Protein chains: 2
Amino acid sequence: MADVARLAGVSTSTVSRALRMPDIVSPDVRSRIHEAIERLSYRRNLVAGALASARSMTIGVIIPSIINSFFAATIEALEQGMAGSGYQLLLGNTGYSAEAERQLVSSFLAWSPAAMVLTGRRHENETVRTLLTSHIPVLEMWELSDHPIDMIVGFSHRSVGELVFRHFAERGAQRLGFIGAYMDKDYRTVDRRAGFVEAASQAGFAAPVEIRLPERASAVGGALGLRELMASDPKVDAVFCSNDMIALGALFEARRLGLAVPDQLKICGFGDLEFAAACQPPLSTVRPPGREIGVQTAKLLRGRLEGTIEAGGSFDLGVELVQRAST
Amino acid sequence: MADVARLAGVSTSTVSRALRMPDIVSPDVRSRIHEAIERLSYRRNLVAGALASARSMTIGVIIPSIINSFFAATIEALEQGMAGSGYQLLLGNTGYSAEAERQLVSSFLAWSPAAMVLTGRRHENETVRTLLTSHIPVLEMWELSDHPIDMIVGFSHRSVGELVFRHFAERGAQRLGFIGAYMDKDYRTVDRRAGFVEAASQAGFAAPVEIRLPERASAVGGALGLRELMASDPKVDAVFCSNDMIALGALFEARRLGLAVPDQLKICGFGDLEFAAACQPPLSTVRPPGREIGVQTAKLLRGRLEGTIEAGGSFDLGVELVQRAST
DNA sequence: CTGAAGCATGCAAGCGCTATCATTCTGATC
DNA sequence: GATCAGAATGATAGCGCTTGCATGCTTCAG
């Protein structure tokens, strides 16, 4: 930067200002500086900048799983929403482990990010404490909470379960089933199940037959799950799969078992993943507002960072049941 | 750090050493320091550390798409392979744009990472120049090249196409088809197509009927693609889909069209995505060594960073055709 | 013509660590 | 007991920026 300053005939402070707040330096000085930058092919050292200013044009984003296409639309929208703001996203994944999350938060904070985005509302106490003392905006997403760390943008997983139950009931289902994956790790699945089971019980239905898959949601798991479910109660005529991937497997398995979908068996998933509309039959599913969450998170983030939005708040973006031919 | 030093009754240099090279400080001093760190809940400022040492325990990783589950296994394996090394991954996605890649490289380098990992062998000239002058290890992955920037780990996309052609020929296919998505952006798909088409031509087959989908690979696109393909030549009896997602859509569409798979129509995908084994019929596909690439990349990275491995080299991890019931 | 106000720029003190070199403290050897 | 490696620790000068304050230069009302 000193070289640039020398070549442009100004001081380093002016160069720094030209880069950070272009409109407070005079146009000709600015253009001389940019010329010098070009000539010397100077690249700014953001590390030094971050140290000096104690903030780093960086936003830490933590999701449970990069692999999981659930969060893909959110990340994409978030990235687009922050594009041009100068902020860069630091992505980390926890593998659904609260401890991994704590470590990630801690190592992200060591980079003094301008804000943090987490997935979910449940975190280790220490994670919350660490975040609170960092005094930066914290956005949680993909859930709701009355007591967010700071702000939260998402929807209610319980209401997903309730929605599916009501839909099954309307479609004339008698005997309900549920297939859930990874429930010891992913408490959101647990919430969806709870919404489903409780709504069923309140409406006077028998408790749904449940299959819990120990692994991550997969089509193979879904197929196995449905087989097991039908073996344990052949009268089941409507099954809520905690995830579209599972529902896809169930769909395949239903065909193998010779069960007509939706007449003999209704199948509803969650996620509205890309293939849901293309399956045969097309899959009914609950669509979470993935993209909207990303858009809204970016909007709130920008507002917070510019100081135009106050801290706090829980933003319910709702869910929607997309009825297709599988129910 | 000064506070920690004071509380532990040592100098900041010793604290710094206790954190970076624990085994060169005496055990009791070390434990006193850790106690002080605990008491003060001190968190190290990595930004300052990176500035002082001119290197930041960070590795920049750039992939075309976070959404694309292709790279998921690689990222996961890479993450696991680097776990415990103290290095942290910085993830960025280019959306298949070379310009976005250049910008990402530039902004990652501003953080003085210890190494960079890129996807693919084709980059803008300036990207390559920038990387070369950064003097850090650069790993390219998911392809092969005789002239990597530094090191490259992957497989040949052309040979994927050849492999599929040979398989179709062995299975008695007569009239070939190809469905590819996003080919103006993703030149790897172009390479797979080239391998397929050229092998066919060399073996005396008529040029495959081709459908190019403008969008990203999707099941919906695959279904449309197959419909269009069969409309333009109903004699096609074997179709290579550039991606399993497309193949899945084609599989659904084949059922709709009343085409028996594999007797009337053979379908082969690429990716061995998670659902391939679970579809009905299970999908034949070419499995890229996604996980292995991550493992090998991590191994090379650690070697380079420890100085035990020399720069340079192209590592072919090969591909494998997984034959299932769709061919 | 003067002085206040506003704008553009420069000066210089850090930001919180790391790394080099110097110093002190072992403990083994004769 | 003296000597001296070798290990452990301390003092201190940066790393390359940012930013508060100082300065000089314009502009313009009075």
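Start by selecting Gly172(A): this residue sits just after helix H8 of chain A and takes a positive phi of about 85°. This is a predicted model, where local features need pLDDT of at least 70, side-chain atom pairs count only at pLDDT 80 or more, and totals for chains, interfaces and linings use all residues. Residues are numbered from 1 along each chain as its sequence is written, while chains are lettered from A and ligands numbered from 1 in the order in which they are written.

**Stop 1: helix H8 of chain A**

Step back to residues 157-170 of chain A. That is H8, a helix of 14 residues. Helices (H or I, at least four residues) and strands (E, at least two) are DSSP runs, numbered from the N terminus. The end C-alpha atoms of H8(A) are 20 Å apart, which agrees with the 20 Å it should span at 1.5 Å a residue. The expected span is 1.5 Å times one less than the number of residues.

Now colour the buried residues of H8(A), among them His157(A), Glu162(A), Phe165(A) and Phe168(A). Buried means that 20 or more other C-beta atoms, placed from the backbone, lie within 10 Å of the residue's own. The buried residues of H8(A) pack against several elements of chain A, including helix H9 (187-202) and strand S6 (176-181). Such contacts need C-beta atoms, placed from the backbone, within 7 Å.

**Stop 2: helix H10 of chain B**

Select residues 219-232 of chain B, helix H10. H10(B) has 14 residues and reaches 20 Å from its first C-alpha to its last. Its buried residues include Gly221(B), Gly222(B), Leu226(B) and Met230(B). They pack against strands S6 (176-181), S7 (209-213) and S8 (238-241) and helix H11 of chain B.

**Stop 3: where the chains meet**

Show both chains. The contact takes 39 residues from chain B and 39 residues from chain A. On the chain B side, H10 and helix H11 (244-257) are among the elements that each supply at least two residues. 100% of the interface residues of chain B are also interface residues in chain A, so the copies meet through the same surface.

**Stop 4: DNA strand C**

Last, select DNA strand C. 25 residues surround it, and the closest include Ser13(A), Met1(B) and Ser16(B). Helices H2 (12-20) and H4 (46-53) of chain A and of chain B each supply at least two residues of this surface.

Methods:
A residue is near a molecule or strand if its C-beta atom, placed from the backbone, lies within 6 Å of it. Two residues are in contact if their C-beta atoms, placed from the backbone, lie within 7 Å. A residue is buried if 20 or more other C-beta atoms lie within 10 Å of its own, exposed if 12 or fewer, and partly exposed in between; C-beta atoms are placed from the backbone.
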